[in-house]
Amino acid sequence: MLKRILLGTTLILVILVTTLAVHIYAVTRPKTGAISHLALTRIDFNQSLDSLQAGSLSELAESINGVQEVRVNKSSGHVICMYMHKEVSPKEIADKLHSATSMMASVYQPSEETLAQSCPAFSEESLTYRLGAFFQRSFENKTKTKL
């Protein structure tokens, strides 16, 4: 009976570890046609925005070389930009928006507390984190040698 319990537990553990490895590989493998140099940034303004300001900011941000897409939240007073980080930095985007509109613009920087609460929030000492990091490093090394 004890032998069956140990065998069953071992089998379940092997299945779980295999599932984790396959998941990590599926999420981290390089995808064909993927653009890996896109990033998001949030530019905050010190006021809520009206429709004219929102339209103007959207057009200005989209005209900046390297900015791909722009979303404006009028009530919160911020702009979300998807940009190519190899062509333009968030600070450059904020500076150009500030100089064109003379509204105070700043790049959003999350606090340490906000970062700690973000997902996934695994402790670096946890078994899940260490196992996931092991598999991720294994797959990254294999993909780098293929390139």
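These legends walk through a few close-ups of a predicted model. Local features need pLDDT of at least 70 and side-chain atom pairs count only at pLDDT 80 or more, while totals for chains, interfaces and linings use all residues. Residues are numbered from 1 along each chain as its sequence is written, and side-chain values use heavy atoms, with hydrogens and water left out.

**View 1. The open four-stranded sheet.** The strand order is β2-β3-β1-β4, and the pairing is antiparallel. At the edges sit β2 (67-73) and β4 (105-107), each pairing on one side only. From one strand to the next, the twist averages 25 degrees. Strands here are DSSP E runs of at least two residues, helices are H or I runs of at least four, and both are numbered from the N terminus; two strands pair if DSSP finds at least two bridges between them.

**View 2. Where β1 meets β3.** Seven bridges tie β1 (residues 38-45) to the antiparallel β3 (residues 78-84). Look for R42, whose bridge partner in β3 is I80.

**View 3. Helices on the sheet.** Helix α2 (residues 51-63) packs against the sheet and touches β1, β2 and β3 (contact means heavy atoms within 4.5 Å). Its direction makes about 165 degrees with that of β2; angles run from 0 to 180 degrees between N-to-C directions, using lines fitted to C-alpha atoms, for helices over the stretch in contact. Helix α3 (residues 90-101) lies across β1, β2, β3 and β4, at about 40 degrees to β1.

**View 4. H78 and its neighbours.** H78 sits in strand β3. H78 counts as buried because its relative accessibility is 12% (buried is under 20% relative accessible area, exposed over 50%, partly exposed in between, with a 1.4 Å probe and protein chains only). Leaving aside residues up to four places away in sequence, H78 touches R42, I43, D44, F45, L49, R71, V72 and N73.
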